[in-house]
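Me: I would like to go through this model with you and ask, for each label, what lies behind it. Please set each value against its definition before you conclude.

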Amino acid sequence: MQATHYEAQALVHLADLASRAGGREDLVRACLSRAVAIHEATGSRLAEDLRRRLEDLGR
């Protein structure tokens, strides 16, 4: 059994840290994109929230 939800959770935390550090939008975007893909593949409702967060980057 794969525990990809743990990977997604870690990626969101990493995105949060990178966002707080500033100047790392590329890392934030990469982490959130992968987390969205994982949540979509598993049918998680969190995918939509993360997708919105991705869309809000750079606004």
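Me: What makes the contact of Asp49 with Arg52 a salt bridge?

Reply: The closest N and O atoms of Asp49 and Arg52 are 3.0 Å apart, and a salt bridge is a side-chain nitrogen of Lys or Arg within 4 Å of a carboxyl oxygen of Asp or Glu, so the pair qualifies. Please keep in mind that this is a predicted model, in which local features need pLDDT of at least 70 and side-chain atom pairs count only at pLDDT 80 or more, whereas totals for chains, interfaces and linings use all residues. Residues are numbered from 1 along each chain as its sequence is written, and side-chain values use heavy atoms, with hydrogens and water left out.

Me: How are Asp49 and Arg52 placed in helix α3?

Reply: Asp49 and Arg52 are 3 residues apart in helix α3, which means that about one helical turn separates them. Helices here are DSSP runs (H or I, at least four residues; for strands, E, at least two), numbered from the N terminus.

Me: Why is Asp49 called partly exposed?

Reply: Buried means under 20% relative accessible area and exposed means over 50%, with partly exposed in between (1.4 Å probe, protein chains only). Asp49 has 43% relative accessibility and therefore counts as partly exposed, and Arg52, at 41%, falls in that class too.

Me: How do you know that Glu48 and Arg51 form a salt bridge?

Reply: Their side chains meet with an N to O distance of 2.4 Å, which is within the limit that defines a salt bridge. Glu48 and Arg51 are also 3 residues apart in helix α3, or about one helical turn. Glu48 has a relative accessible area of 36% and is partly exposed, and Arg51, at 25%, is partly exposed as well. Glu40, Glu48, Asp49, Arg51 and Arg52 are linked in a network of salt bridges.

Me: Which parts of the chain does the pair of Arg53 and Asp16 link?

Reply: Arg53 forms a salt bridge with Asp16, the closest N and O atoms being 2.6 Å apart. This pair links distant parts of the chain, since Arg53 belongs to helix α3 (residues 46–56) and Asp16 to helix α1 (residues 4–21), 37 residues apart. Arg53 has a relative accessible area of 26%, so it is partly exposed. A search of the whole structure finds 8 salt bridges.

Me: Is His39 buried or exposed, and why?

Reply: His39 has a relative accessible area of 8%, which lies under the limit for buried residues, so it is called buried. His39 lies in helix α2 (residues 25–42). Leaving aside residues up to four places away in sequence, His39 touches Ala8, Ser44, Leu46, Ala47 and Leu50, where contact means heavy atoms within 4.5 Å.

Me: What pattern does the protein chain follow along the sequence?

Reply: The pattern is α-α-α, with 3 helices and 0 strands in the protein chain. Of its 59 residues, 27% count as buried.

Me: Why does the radius of gyration of the protein chain agree with a compact globule?

Reply: The radius is taken over C-alpha atoms, and the globule rule is 2.2 Å times the number of residues to the power 0.38. With 59 residues, a compact globule would have a radius of gyration near 10 Å, and the protein chain has 11 Å, which agrees. Along its principal axes, the C-alpha trace spans about 35 × 20 × 10 Å.
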